[in-house]
Amino acid sequence: GATTPPNLLSDLNEDQRIAVTHEGGPLLIVAGAGTGKTTTLTHRVAALIARGADPRRILLLTFTRRAAAEMLQRVEASLRKIDTPSGPSDPRMAARGVVGGTFHAVSARLLRQFGSGVGLPPDFTVVDRADAEDIVNAVRGELELPQKMPKFPKKATCTAVYSRIVNTGVGLTETLENDYPHLIDFSDGLRDLFRSYRERKRAEAVLDYDDLLLYWDQLLADERAGPMLRKQFDHVLVDEYQDTNPLQASILRQLRPDGDGLTVVGDDAQAIYGFRGATVRNILDFTDTFGDATIVPLELNYRSRQPILDLANDVIGGATERLEKNLRASRPDGPRPMLVRAQDEAEQASFIADEVLALTEQGFELRGQAVLFRSSYHSAPLEIELNRRGIPFHKYGGIKFIETAHVKDLVAFLRLAENPRDSLSARRVLTLLPGIGEKSAARLADRLREADHDFAAWDDFNPPAATKEFWPGFVKLLRQLLGADDAWMSVEEQVRAVRLFYDGLIEFVHDHAATRRKDLEQLEVLSARSSDRRSFLTEMTLDPPTSTRELASRPPEEDEDFLTLSTIHSAKGLEFDAVFVMNCYDGAIPSDMSLESDEKIDEERRLCYVALTRARTHLYCCHPLRQYTKRRGLSDAYGFTPLSRFLSGDVQSRFNERSAGGEPLPEKPLSTEPLANVRSAVDQRLDSMWD
Ligand code: ATP
Ligand code: MG
């Protein structure tokens with residue numbers, strides 16, 4: 001074939017070039033943070049296109065829609081550099097032709113094409129994790145689980161167990177033994193629950209995220225469909241391979257059985273989705289599966305200054321299991337990472353706000369700065385502080401726009417019209433009406449089912465007084481939506497119709513009606529981008545916008561400047577000039593939910609490593625010395641927090657330390673031990689008083 005245009009290679013180092021120009025067999029790039037893995041992948045896609053590959057036959061799998069979109073932008077930018085005849089005539093179209101997205105989104109698209117052959121009705125709906133939990137909960141309520149199980153696991157736990165089994169392919173008993181030993185007694189109940197859950201989904205033509213992967217995998221295994229699907233793509237490239245699970249690995253193996261045209265990129269030190277069944281083993285297994293795999297290591301880190309890498313290397317060096325890698329910075333010196341001690345979370349928040357502003361004075365834009373935290377709720381005090389000072393920010397991770405109750409309400413109308421078998425949506429919209437509770441909603445949903453999902457089933461319903469005013473409009477709306485195809489209603493018009501009806505109810509069901517109304521207006525604007533209801537619903541479920549802000553900026557405004565707030569998980573793959581890691585204390589990093597096993601603590605350590613390696617120049621680890629706690633068994637109190645175990649000990653010498661506020665730092669970092677002494681001293685004194 002054609003050779004790779006030199007322009008594409010000029011910014012790359014020798015190893016990266018090898019990876020970009022590699023032809024044929026399976027390719028594995030395993031390398032540390034910031035070594036240019038993603039850069040290499042996007043250059044490789046551009047190079048493939050430049051060498052004549054059909055973009056539509058290139059599959060680029062990433063972990064979020066945002067990541068996919070960003071990578072395709074970078075592909076486009078690379079293609080623009082080739083002004084020779086070998087480049088595509090329109091780089092933009094070429095980059096857009098590439099099939100990119102998450103495993104789930106790609107599978108959903110595929111099932112729309114091939115689903116009927118499998119017996120999936122064309123109007124199947126995809127439910128997200130929260131909906132899946134609600135279905136599990138409904139099924140759980142209907143099953144008569146043995147009375148002697150007063151504490152049958154919660155819906156979230158049940159769903160997590162289910163999902164883990166599907167994604168790892170490890171059976172129920174073994175999964176319980178290995179990962180949920182405290183649930184072993186519930187194995188019969190869980191088995192019944194999972195069976196009924198599956199039947200319910202089938203009866204209602206509903207697929208959850210796990211089903212999407214299962215169907216894709218199964219289609220590939222099929223004698224007739226398999227060969228067809230394999231022919232669809234010549235090249236399959238995967239970023240963040242360390243966070244794929246065994247089911248996804250199986251899909252890849254089936255897509256490219258001999259590994260030809262398969263490129264995977266990952267870093268075992270950044271594996272942070274073990275709790276979802278992802279396994280680093282996938283990286284190690286890659287070379288077992290494909291004996292002839294070419295392995296390209298990348299060693300030079302182009303992102304972070306050396307003092308930041310020294311710290312990150314020390315932190316990950318404490319991990320029990322990992323592939324040996326050492327990161328070297330291409331940018332040797334720079335400021336040492338800062339360990340900031342604050343009296344409490346409020347002081348931590350005001351320190352961060354001050355420092356963010358100080359950095360902007362030094363010429364760092366807000367968009368080059370990020371505040372990272374372990375759990376979404378950690379940022380609340382900071383959000384208040386930023387709002388107070390008028391510092392614009394955008395929060396990633398945590399509750400998504402689509403997960404807010406009012407958006408779910410509105411979407412439920414459309415989902416019900418799309419798929420009237422979906423009883424979860426039926427019950428959701430019914431209970432919005434004043435005077436209709438769970439019980440009547442369930443009865444009405446049953447009636448609908450018995451009438452073969454014809455809304456005429458509700459005509460002779462005699463609504464209670466409180467409902468009367470709304471009922472005719474409600475039924476009319478659903479009929480209208482159901483016939484929307486014939487009536488030529490665009491998605492936007494459908495959303496507007498629901499919005500106007502819902503407007504009269506919103507005050508009955510939610511507080512903050514005004515804000516919610518604004519969100520729904522935004523939703524209407526967003527819906528205008530979809531060609532039909534089905535694709536709108538799928539997109540909202542699989543690649544939902546993360547916030548109203550993301551909705552509002554349409555198209556993203558180039559000159560908008562805002563600070564990023566993000567969970568560490570959602571910051572994967574990103575980089576910032578300045579990074580603030582919040583709440584660096586034991587109990588947050590590592591999370592106190594992880595303390596039960598070494599494996600989980602190791603995963604927290606890798607998460608810490610991910611956080612530190614997002615920083616290019618300035619890194620601040622913030623440690624509020626006291627935290628308002630509401631711990632099990634204890635009354636509310638200010639508790640002293642020890643510095644994160646990952647950052648204390650020898651590692652601590654990598655920092656410069658300072659105090660956040662005016663008050664001087666304690667001579668030694670506070671830990672709970674001296675306080676325990678105080679307590680026993682008080683006890684002793686009291687005891688001595690009785691004598
Ligand atoms: P992570 O593990 O965090 O996902 P990564 O290995 O994917 O990181 P990239 O995000 O691709 O790394 O690259 C990190 C930074 O290094 C980016 O700013 C990128 O532009 C830059 N970079 C990559 N390769 C080179 C190079 N050869 N010369 C200069 N800069 C480079
Ligand atoms: Mg990357």
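Helix 11 and helix 13 are roughly parallel to each other, because an angle of about 30 degrees falls under the limit of 35 degrees that is used for this description. This pair belongs to a predicted model, in which the protein has 29 helices and 19 strands. With a radius of gyration of 27 Å, close to the 26 Å that the globule rule gives for 691 residues, the protein is as compact as a globular protein of that length.

**The protein as a whole**

- Taken along the principal axes, the box that the C-alpha atoms of the protein fill is roughly 90 × 80 × 50 Å.
- Of the 691 residues in the protein, 42% are buried.

**Helix 11 and helix 13**

- Helix 11 covers residues 209-221 and helix 13 covers residues 246-255, and where the two helices pack their axes are 9 Å apart.
- The crossing that helix 11 makes with helix 13 is a left-handed one.
- On the side of helix 11 the contact involves Leu 213, Trp 216, Asp 217, Leu 220 and Ala 221, and these residues meet Leu 247, Gln 248, Ser 250, Ile 251, Gln 254 and Leu 255 of helix 13.

**Helix 3 and helix 4**

- Helix 3 (residues 37-50) packs with helix 4 (residues 65-80) at an angle of about 55 degrees, and the axes of these two helices are 9 Å apart.
- This angle makes helix 3 oblique to helix 4, and the crossing in which helix 3 passes helix 4 is right-handed.
- Helix 3 contributes Thr 38, Thr 42, His 43, Val 45, Ala 46 and Ile 49 to the contact, while helix 4 contributes Met 71, Arg 74, Val 75, Ser 78 and Leu 79.
- The residues of the contact of helix 3 with helix 4 comprise six nonpolar, four polar and one charged.

**Helix 26 and the elements around it**

- Helix 26 (residues 533-542) is largely enclosed by the rest of the structure, because eight of its 10 residues are buried.
- The buried residues of helix 26 are Arg 533, Phe 536, Leu 537, Thr 538, Glu 539, Met 540, Thr 541 and Leu 542.
- These buried residues pack against helix 6 (103-118), strand 4 (125-126), helix 18 (405-418), helix 23 (491-503) and helix 25 (513-527).
- Two of the elements that pack against helix 26, namely helix 18 and helix 25, also have axes that come within 9 Å of each other and cross at roughly 45 degrees.
- Helix 18 and helix 25 are therefore oblique to each other, and their crossing is right-handed.
- In this crossing, His 406, Val 407 and Leu 410 of helix 18 meet Arg 516, Asp 519, Leu 520 and Leu 523 of helix 25, and the residues of the contact divide into four nonpolar, one polar and two charged.

**Backbone details in the loops**

- The loop between strand 15 (576-581) and helix 28 (598-612) contains Pro 590, and the peptide bond that leads from Ile 589 to Pro 590 is cis, with omega near 0 degrees.
- Asn 583 is also placed in the loop between strand 15 and helix 28, and although Asn 583 is not a glycine, it has a positive phi of about 55 degrees.
- Asn 583 counts as buried because 22 C-beta neighbours lie inside 10 Å, where 20 or more are needed.
- Ala 205, in the loop between helix 10 (187-203) and strand 5 (206-207), likewise has a positive phi of about 55 degrees although it is not a glycine.
- Ala 205 counts as partly exposed, because it has 17 C-beta neighbours inside 10 Å.

**Arg 230**

- Arg 230 has its place in helix 12 (residues 225-232), and with 13 other C-beta atoms within 10 Å this residue is partly exposed.
- Arg 230 and Gly 34 are 196 residues apart along the chain, and 33 Å separates their C-alpha atoms.

Methods
Residues are numbered from 1 along each chain as its sequence is written. Chains are lettered from A and ligands numbered from 1 in the order in which they are written. This is a predicted model: local features need pLDDT of at least 70, side-chain atom pairs count only at pLDDT 80 or more; totals for chains, interfaces and linings use all residues. Axes are lines fitted to C-alpha atoms, for helices over the stretch in contact, and angles run from 0 to 180 degrees between N-to-C directions. Helices (H or I, at least four residues) and strands (E, at least two) are DSSP runs, numbered from the N terminus. Angles under 35 degrees count as roughly parallel, over 145 as roughly antiparallel, 65 to 115 as roughly perpendicular and the rest as oblique. A crossing is left-handed if the near helix is turned anticlockwise from the far one by less than a right angle, and right-handed if clockwise. Two residues are in contact if their C-beta atoms, placed from the backbone, lie within 7 Å. The radius of gyration is taken over C-alpha atoms; the globule rule is 2.2 Å times the number of residues to the power 0.38. A residue is buried if 20 or more other C-beta atoms lie within 10 Å of its own, exposed if 12 or fewer, and partly exposed in between; C-beta atoms are placed from the backbone. Ala, Val, Leu, Ile, Met, Phe, Trp, Tyr, Cys and Pro count as nonpolar, Asp, Glu, Lys and Arg as charged, and the others, Gly among them, as polar.
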